[in-house]
Amino acid sequence: MRLPRSFSGWTIAVFGFLAFALGLFGLISPDSLLALLGFEVLDVRPAGDYTLVYMAASSMAAVNMGVYYVLASSANYTPFFRWTVPFRLVTFAVFSTLVLSGAAPSEFFGVGLWEGLGAVITGFALWREGNLLPARQSANAV
């Protein structure tokens, strides 16, 4: 596997590595991740509480996403880099709204901030590299 070849690639690689690492952390110690995010950790879970199942599913998704990001950065796949920017900004908006509405604890804002700040940095890197917008092909190209 190659190292990223651009600043934008490095932003994607770092995000991917962190997503992978936090996903593993959530799989290994879901209660610790819940506590880190500011959620209440119960000593005993009542019947019908699927918190740990949800933690395993979302942590596994983070592991997979981390791998996708690292592989995309290794391949310098700038279309993927561009696609992440608006979706990570949407994630920032949704997660921030959850905190502001009281549905999530204030510590959870860190997740939204991580997504939003990462999106802005990746977008800035793409802009600096002249890759923020896809290149237009001429009308004569097939």
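Biologist: Which share of the chain's contacts between residues at least 6 apart in sequence joins residues at least 24 apart?

Modeller: A contact means heavy atoms within 4.5 Å. Here, among contacts between residues at least 6 apart in sequence, 69% join residues at least 24 apart. This is a predicted model, where local features need pLDDT of at least 70, side-chain atom pairs count only at pLDDT 80 or more, and totals for chains, interfaces and linings use all residues. Residues are numbered from 1 along each chain as its sequence is written, and side-chain values use heavy atoms, with hydrogens and water left out.

Biologist: Thanks! How many helices and strands does the chain have?

Modeller: Helices (H or I, at least four residues) and strands (E, at least two) are DSSP runs, numbered from the N terminus. This chain has 5 helices and 0 strands, in the order α-α-α-α-α from the N terminus on. The C-alpha trace spans about 65 × 35 × 25 Å along its principal axes.

Biologist: What percentage of the residues is buried?

Modeller: Buried means under 20% relative accessible area, exposed means over 50%, and partly exposed is in between, using a 1.4 Å probe and protein chains only. Of the 142 residues in the chain, 33% are buried.

Biologist: Let me try one residue. Is T122 buried or exposed?

Modeller: T122 sits in helix α5 and is buried, because its relative accessibility is 0%. Leaving aside neighbours within four places in sequence, the contacts of T122 include S8, F81 and R88.

Biologist: And where is V90?

Modeller: V90 belongs to helix α4, residues 78-100. With a relative accessible area of 49%, V90 is partly exposed. V90 also shows how sequence and space can be read together: V90 and G112 are 22 residues apart in sequence and 9.3 Å apart in space, C-alpha to C-alpha.

Biologist: Now the charged side chains. How many salt bridges are there?

Modeller: A salt bridge is a side-chain nitrogen of Lys or Arg within 4 Å of a carboxyl oxygen of Asp or Glu. By this rule there are 3 salt bridges. One of them joins E115 and R88, with the closest N and O atoms 3.6 Å apart. E115 lies in helix α5 and R88 in helix α4, so the pair ties together parts that are 27 residues apart in sequence. E115 is buried at 8% relative accessibility, and R88 is buried at 3%.

Biologist: Which residues are linked in a network of salt bridges?

Modeller: D31, R45 and D49 are linked in this way. The closest N and O atoms of R45 and D49 are 3.0 Å apart, while for R45 and D31 the distance is 3.7 Å. R45 lies in the loop between α2 (30-36) and α3 (51-74) and D31 in helix α2, so this pair ties together parts that are 14 residues apart in sequence. R45 is partly exposed, at 22%, as is D31, at 32%.

Biologist: Last one: which helix gives the most to the nonpolar patch?

Modeller: Patches are made of residues with over 30% relative accessible area and no salt bridge; like charges are joined within 9 Å, and nonpolar side chains (Val, Leu, Ile, Met, Phe, Trp, Tyr) within 5 Å. Helix α5, residues 109-128, gives the most, with 6 residues. The surface patch includes F7, W127 and L133, and its residues together have about 890 Å² of accessible area; such areas come from the Shrake-Rupley method with a 1.4 Å probe, and for residues only the protein chains shown count as cover. L133 itself is in the segment after α5 and counts as exposed, at 67% relative accessibility.
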